[in-house]
Amino acid sequence: MIMHSHRNPTRRNRNIGTAKQGHGQNNALVIPSRSDGLYWLDRISDHRVEDRVIADRKVRFIIETNTLDCFHPCTVYDVLRVLEALPQSDWAGLQTFVFRQPTRKQLILSPVWGRLLYYSEITTAKGRPLAKGPAIFLDAIQVGKPLIWSTSLDQDDSLELDRLRADGHDVQRLGRKFSISVTASSARNTQLHRTFLHEIGHWFDWLTKVEEPAAKGGVWENLERDYFARPKAEREAFAHRYADAQRMLLEEKGIIPFDQIK
């Protein structure tokens, strides 16, 4: 089921996790903008494309080639298996999944396990279109480089640190810093069993609060404004609840964990 409504998709918010939301504004380095005006996340370098079908729904996977000693913790088949187990109505309209290779600056300034873009226009470096619409990005992880966190954590960060421990990461306190050692197994646990479900949760939240009401006659601009007017903590809490609930269901059904499928 794909929602259709009267809206201009290019007005969808692309600023999640960017400087326009305040991310990284105190840093000296910046992630350069594209000369063509498109969002930097939409630019894909050396890659391959794999198209798959899940219950008569076509989905596209864009896999960037790894550099900088990075690797993709998940495979296309890993994501496919989880998608097949989720209610299709939860990810209606979501057809693009990108395995990103961050640049050196992006690894420094904006390291993430994954993120959702509510609208994207993904192209090659030379401008060839690859996909358009909402997309989930799963970032490659740098091998052998621990994550360094300050010990001055707010409540949300403390909870995230507990989640990382539960995922299998080795967390050591070194003075005023936490050193988080990442393995291939712990990275896959975080990205596939938690981050991916978390981003699906954000999309399900968007569907129920924007896409579905707009399809029933609601005013798109008002629905979108109200969605992003909610506190970030509220939206994150919704996605965490969704991910926790779906993970529990998938574990109860014996669907996860499973050996990695190449």
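**Burial, crossing and sheet in a predicted model**

User: Why does Gln246 count as buried?

Analyst: Gln246 has a relative accessibility of 11%, and buried means under 20% relative accessible area, with exposed over 50% and partly exposed in between (1.4 Å probe, protein chains only), so Gln246 counts as buried. This is a predicted model, in which local features need pLDDT of at least 70 and side-chain atom pairs count only at pLDDT 80 or more, while totals for chains, interfaces and linings use all residues. Residues are numbered from 1 along each chain as its sequence is written, and side-chain values use heavy atoms, with hydrogens and water left out.

User: Where does Gln246 lie, and which residues does Gln246 touch?

Analyst: Gln246 lies in helix H6, where helices (H or I, at least four residues) and strands (E, at least two) are DSSP runs numbered from the N terminus. Leaving aside residues up to four places away in sequence, Gln246 touches Leu86, Pro87, Asp90 and Leu197, contact meaning heavy atoms within 4.5 Å.

User: What makes H4 oblique to H6?

Analyst: Helix H4 (residues 184-215) packs with helix H6 (residues 232-252) at an angle of about 120 degrees, their axes lying 7 Å apart. That angle makes H4 oblique to H6, because angles, which run from 0 to 180 degrees between N-to-C directions, count as roughly parallel under 35, roughly antiparallel over 145, roughly perpendicular from 65 to 115, and oblique for the rest.

User: Which residues of H4 and H6 meet, and how do they divide?

Analyst: Among those meeting are Leu197, Ile200 and Phe204 in H4, and Phe238, Tyr242 and Gln246 in H6. The residues of this contact divide into eight nonpolar, six polar and six charged.

User: Why is one side of E1 and of E2 left without a neighbour in the sheet?

Analyst: The open sheet has six strands in the order E1-E6-E7-E5-E3-E2, with mixed pairing. Strand E1 (43-44) and strand E2 (47-54) stand at its edges, each with a single partner strand, so one side of each has no neighbour in the sheet. Strands pair if DSSP finds at least two bridges between them, and E2 with strand E3 (residues 57-64) has eight, in the antiparallel sense.

User: Which elements does H1 lie across, and which of its residues are buried?

Analyst: Helix H1 (residues 76-85) lies across E2, E3, strand E5 (96-100) and strand E7 (129-139), running at about 25 degrees to E2. The buried residues of H1 are Val76, Asp78, Val79, Leu80, Val82 and Leu83, and these pack against E2, E3, E5, E7, H4 and H6.

How values were computed:
Ala, Val, Leu, Ile, Met, Phe, Trp, Tyr, Cys and Pro count as nonpolar, Asp, Glu, Lys and Arg as charged, and the others, Gly among them, as polar.
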